[in-house]
Structure formats: C-alpha cells, structure tokens
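This report describes the fold of one protein chain, from its overall dimensions down to single residues. Please keep the sequence and the structure in view while reading.

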Amino acid sequence: MTAPDSTASVVRLDLPSGREVTHRDVAANGARFHIAEMGDGPLVLLLHGFPQFWWAWRHQLPALADAGFRAVTMDLRGVGGSDRTPRGYDPANLALDITGVIRSLGEADAALVGHDLGGYLAWTAAAMRPKLVRRLAVSSMPHPRRWRTAMLADVRRSSHVWSFQRPWLPERRLTADDAELVGRMIRDWSGPRLPEDETIEIYRRAMTIPSTAHCSIEPYRWMVRSMARPDGLQFNRRMKKPVRVPTLHLHGSLDPVMRTRSAAGSGEYVEAPYRWRLFDGLGHWPHEEDPAAFSTELVNWLKDPEPDR
C-alpha cells in the first residue's frame with residue numbers, strides 16, 4: 001500500500017456496481033461535511049461507524065434509490081472527506097452535525113440509519129431533535145444508556161474502547177503499517193463472510209489520511225472520560241428521554257463487539273413501534289456481510305406505512 005496523494009482520491013469513490021453517485025460538500029453546525037447521494041424522494045440519511053467512512057453504505061445507496069428514496073450518506077466529523085476540527089466530538093455536538101446536514105439538504109426531516117458509532121449518534125439525534133427524525137434504524141449498537149452499561153459490564157468486548165483512553169499511542173497503532181490494525185478489526189469483527197481484500201484496503205487507506213485516526217477515537221474518549229463529569233452525567237440524563245418515532249433495530253447474531261442481549265434491551269427507550277431483527281450467522285457488519293438481506297429488511301420497513309411492534 002502507498003500513502004494517499006489526496007483526500008479526494010481516497011474518499012470520492014465510484015460505487016462498485018458502476019452506478020453513478022454524486023459527491024459534494026455541505027455546511028452544517030460550523031463545519032463542512034462530505035456527502036454521497038443517489039435518488040429522489042423522502043430523505044434517508046446513512047451514518048457510518050468506526051473505523052469506516054461513507055463507503056460502508058455503498059450497497060444500500062442504490063437499493064434505497066431504486067426503492068424511491070433520496071439516499072444520502074455522510075462522513076462524520078473528522079472522517080473521510082469531512083472537516084477535521086480540533087473540538088466537537090461529544091455525541092451531542094455530533095448529533096447536531098447530523099441534524100444540521102438534514103437542514104442543509106433542504107429537508108424537513110429524515111429517516112436516520114446508523115451503524116456502530118453512527119447508530120449511537122442516530123439514537124442521540126432522535127432523542128434530541130425528534131422533529132427532524134422521521135424514522136430510526138440502528139445496526140450493531142444499543143441505545144446509549146444500554147451501551148454505557150454494557151461497556152462497563154463486559155470489558156473484554158469493549159477492549160478497543162478502553163485502549164483508546166491512552167494519549168497518542170492509539171493513533172499510532174491505528175496508522176502503523178498502513179493501518180494494518182483497521183483491517184484486522186474489520187476481519188475479526190466479521191462473521192464467516194469475510195470482506196474482500198480490496199474493501200479492507202479502502203478502509204485502511206482512509207484511516208491514513210492525516211488526523212483521521214485522532215478524530216475517529218475522540219468520541220470514544222469523551223464517552224469514557226465524561227462518565228463522572230457534569231457534561232457526561234447531563235448527557236446520560238438527556239438520553240432518558242424516550243424515542244418517539246418508529247424504530248428498526250438490526251443486529252448480527254455473531255457480533256463479537258456487542259452482545260445480542262445488550263442491544264435487544266434498547267426497546268425500553270422507545271415509545272413507538274419497535275421492530276427487532278436478528279441476522280443469524282452475521283457479525284458486526286451486517287450491511288456489508290449480507291447487503292441484500294440487510295437492504296431488503298431496511299427498504300421493506302421504510303416503505304411499511306404502519307410498522308408494528
């Protein structure tokens with residue numbers, strides 16, 4: 001692998017299917033965010049997790065566009081083609097990035113679809129700005145209050161989060177040997193359907209963009225270090241507010257990062273139709289391990305006018 005010669009060449013990729021996708025930047029919440037979009041119709045905003053960028057949703061973009069939606073995926077603050085700001089990586093501010101992008105796209109609301117950290121932020125945005133969230137779909141991530149309990153109860157599964165608390169060393173480990181650790185994480189957290197080498201290389205290259213490693217782990221530092229601070233306690237109290245939009249919760253049965261029972265308990269924070277879907281034989285990346293099944297489940301739920309419990 002060679003170091004990327006520019007951010008654009010690494011991030012503004014064509015879809016593997018050959019379908020045309022539009023790349024552009026939008027301003028929101030005091031920063032600039034790279035988005036990729038396809039289709040017309042009600043907005044569906046897709047939020048990637050760690051250690052990835054918008055490319056994680058390459059299969060869902062055309063599936064949603066073909067189903068009659070305006071499918072948009074954004075690079076989170078500090079990742080991919082978005083701004084790498086010195087501050088602003090607490091979940092409340094990151095959620096305002098997301099709702100700000102919705103407004104910048106000229107939409108009144110959106111269905112949010114989030115995976116991993118993107119799922120954590122989707123839960124947060126739905127609680128903080130309910131008028132801007134039409135529906136909520138979360139994959140591989142429990143509600144923030146459930147996540148906090150699970151992380152404290154199962155240190156082994158959350159070992160990567162705890163390792164991020166050290167200064168500087170985590171960044172160096174993430175970028176060492178052309179981000180070899182990124183590839184190892186993605187493979188180790190997968191089920192039997194391992195990603196292709198080309199896919200791994202794309203994620204590794206994206207992590208080597210300067211400052212990406214630091215910005216990628218800052219949200220996790222905040223989550224742990226704020227636990228006993230006033231800002232963290234206030235955020236945890238704010239997350240008691242129930243989600244009041246239809247919610248789809250997706251999880252891989254073999255996810256080694258988050259236990260199924262930890263994720264499944266998130267329904268207690270939803271006062272609206274809540275649907276749980278467990279994908280047998282899939283790991284932490286169900287939208288990539290079995291994109292057809294994931295996309296079908298998501299599209300059918302989004303098109304269902306009355307999703308029940």
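Two strands pair if DSSP finds at least two bridges between them. Helices (H or I, at least four residues) and strands (E, at least two) are DSSP runs, numbered from the N terminus. The model is a predicted one, in which local features need pLDDT of at least 70 and side-chain atom pairs count only at pLDDT 80 or more, while totals for chains, interfaces and linings use all residues. Residues are numbered from 1 along each chain as its sequence is written, and side-chain values use heavy atoms, with hydrogens and water left out.

## Overall dimensions

The protein contains 13 helices and 8 strands. Along the principal axes, its C-alpha atoms fill a box of roughly 50 × 45 × 40 Å. The radius of gyration, taken over C-alpha atoms, is compared with a globule rule of 2.2 Å times the number of residues to the power 0.38. For 309 residues a compact globule would have a value near 19 Å, and the 18 Å of the protein agrees with this.

Buried means under 20% relative accessible area, exposed means over 50%, and partly exposed lies in between (1.4 Å probe, protein chains only). By this rule, 61% of the 309 residues of the protein are buried. Contact means heavy atoms within 4.5 Å. Of the contacts between residues at least 6 apart in sequence, 74% join residues at least 24 apart.

## The sheet

Strands of a sheet pair through backbone hydrogen bonds, either parallel or antiparallel. Here an open sheet of 8 strands has the order β1-β2-β4-β3-β5-β6-β7-β8, and its pairing is mixed. β1 (22-28) and β8 (274-279) are at the edges with a single partner strand each, so one side of each has no neighbour in the sheet. On average, neighbouring strands of this sheet are turned by 25° against each other, direction ignored.

Strands β6 (residues 133-139) and β7 (residues 247-252) run parallel and are joined by 4 bridges. Within this pair, Val138 has His249 in β7 as its bridge partner. β3 and β4 also pair in the parallel sense, over 5 bridges, and Leu46 is partnered by Thr73 in β4.

Is β3 enclosed or open to the outside? Of its 5 residues, 5 are buried, so β3 is largely enclosed by the rest of the structure. Leu43, Leu45 and Leu47 are buried on one side of β3, and Val44 and Leu46 are buried on the other, which leaves both faces covered.

## Helix α3 and its neighbours

Two packed helices are described by the angle between their axes and the distance between the axes. Axes are lines fitted to C-alpha atoms, for helices over the stretch in contact, and angles run from 0 to 180 degrees between N-to-C directions. Helix α3 (residues 91-104) packs against helix α4 (residues 117-128) at an angle of about 80°, with the axes 9 Å apart. This makes α3 roughly perpendicular to α4, a term for angles of 65 to 115 degrees.

On the α3 side the contact involves Pro91, Ala92, Leu94, Ala95, Leu96, Ile98 and Thr99, and these meet Tyr120, Leu121, Thr124, Ala125 and Met128 in α4. By class, the contact of α3 with α4 has 10 nonpolar, 2 polar and no charged residues. Ala, Val, Leu, Ile, Met, Phe, Trp, Tyr, Cys and Pro count as nonpolar, Asp, Glu, Lys and Arg as charged, and the others, Gly among them, as polar. Helix α3 also lies across β1, β2 (31-38), β3 (43-47), β4 (70-74) and β5 (110-115), running at about 110° to β1.

## Backbone exceptions and single residues

Most residues other than glycine have a negative phi, and most peptide bonds are trans.

| Residue | Phi | Relative accessible area |
|---|---|---|
| Asp177 | near 55° | 62%, exposed |
| Asp178 | about 55° | 31%, partly exposed |

Both residues are placed in α7: Asp177 and Asp178.

Phe50 and Pro51 are joined by a cis peptide bond with omega of about 0°. Pro51 is in the loop between β3 and α2 (60-66), and Gln52 is found in the loop between β3 and α2. Gln52 counts as buried at 3% relative accessibility. Leaving aside residues up to four places away in sequence, Gln52 touches Val79, His115, Ile186, Tyr203, Trp285, His287 and Glu288.

Leu15, in the loop between α1 (7-11) and β1, is buried with a relative accessible area of 4%. With residues up to four places away in sequence not counted, Leu15 touches Val21, Met38, Trp54, Trp55, Arg58, Leu61 and Pro62.

Conventions:
Parallel < 35°, antiparallel > 145°, perpendicular 65-115°, else oblique.
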